Amino acid sequence: MASLPFEYEVSHSRVRTNGIWMHVAEKGEGPHLVLLLHGFPQTWYAWRHQMAFLAARGFRAVAPDLRGFGDSDSPLSPAAYTIPHLVGDLVGLLDHLGHRQAFVVGHDWGAVAGWFLSLFRPDLVKGLVALSSPYSPRSPGTRILESYKPLGDGFFITQFQKPGRAERAFARYDYLTVMKKLLLYNKKEILIAPPGMEIIDYLETPATLPSWITEEDLQVYADKFQESGFTGPLNYYRAMDLNWELLGPWDGAKITVPTKFMVGNKEHGFDSAGAKDYIQGNIFKNLVPNVEVVILDGHRFIHEERAQQVCDEILNFFHKLSIESQL
């Protein structure tokens, strides 16, 4: 892996938690811990901007590779990637770090982990910043994959279900190209391939890179996925129906932790899939009564594309909570 710029240098360790070894990147010292949780298809490196920003302001910024990703253990079975597993990993990590509470920031699957850590263990979370993936109600009568059937076989989550299918399709390209296809998708429509086409073939490879990411950044991701493979990350999607079964006891449960939710207005499916109406409507507000919604100008990987704006929003939220706790 290429050496990182000075401001992105971090310390690395491996932590035993919840039956796995978890790789952890860390930067900064201070009394307040910030847990930064990445999503698909990324690693701790997704938070390099926020780690440098927060560490320079007196926070202890800790970004693990979630199970299945990067240098963390990658169990073979999709059944090892349920939400209780993810939350258990984080509870063990917090215990290892010696903090009774933390601020939590999560994107994509990291946001999902943050939502359910806040639901299951609100005593551990000072405040939650969730990006891109809102907390969604469980439909008691319909399994998740059943609800996706109208979208057809081209829907990316449907294509990710069969073990080996997406892995074989991805393998037709080098890892750097796969990263470019997955990270730089910039259409607003739901990610659905035409009939008979694999999603990775449908995704375009941009001729030029946007200003917010470099070839070197993409190579960092590509090198790590070349080492770890994609099966662990894809198993998150393969455990979705199992999650539906396990989460029944929390039907209708509210998340009371103070929360800021951020999303890009060009996120795929933001308009067409009803996400905009949902996060601005009453159902989301009823489930997360203490939520502030911020819509930014950007796409899926908003924490990289609008790194400084996201940093400022995170810091303002932390400061607001700190002031409120002193009142």
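Modeller: Let us start with helix α1, whose buried residues are R48, H49, Q50, M51, A52, F53, L54 and A55. Buried means under 20% relative accessible area, with over 50% called exposed and values in between partly exposed (1.4 Å probe, protein chains only). The model is predicted, so local features need pLDDT of at least 70 and side-chain atom pairs pLDDT 80 or more, while totals for chains, interfaces and linings use all residues. Residues are numbered from 1 along each chain as its sequence is written, and side-chain values use heavy atoms, without hydrogens or water.

Biologist: Why is α1 described as largely enclosed?

Modeller: Helices (H or I, at least four residues) and strands (E, at least two) are DSSP runs, numbered from the N terminus. In α1 (residues 48-55), 8 of the 8 residues are buried, so the rest of the structure largely encloses this helix.

Biologist: In what order do the strands of the sheet run?

Modeller: Strands pair if DSSP finds at least two bridges between them. Here 8 strands make an open, mixed sheet ordered β1-β2-β4-β3-β5-β6-β7-β8. β1 (11-17) and β8 (291-296) each have a single partner strand, so one side of each edge strand lacks a neighbour in the sheet. From one strand to the next, the twist averages 20°.

Biologist: In which sense do β3 and β4 pair?

Modeller: Strands β3 (residues 32-37) and β4 (residues 59-64) are parallel, joined over 4 bridges; H32 has F59 in β4 as its bridge partner.

Methods: Axes are lines fitted to C-alpha atoms, for helices over the stretch in contact, and angles run from 0 to 180 degrees between N-to-C directions.
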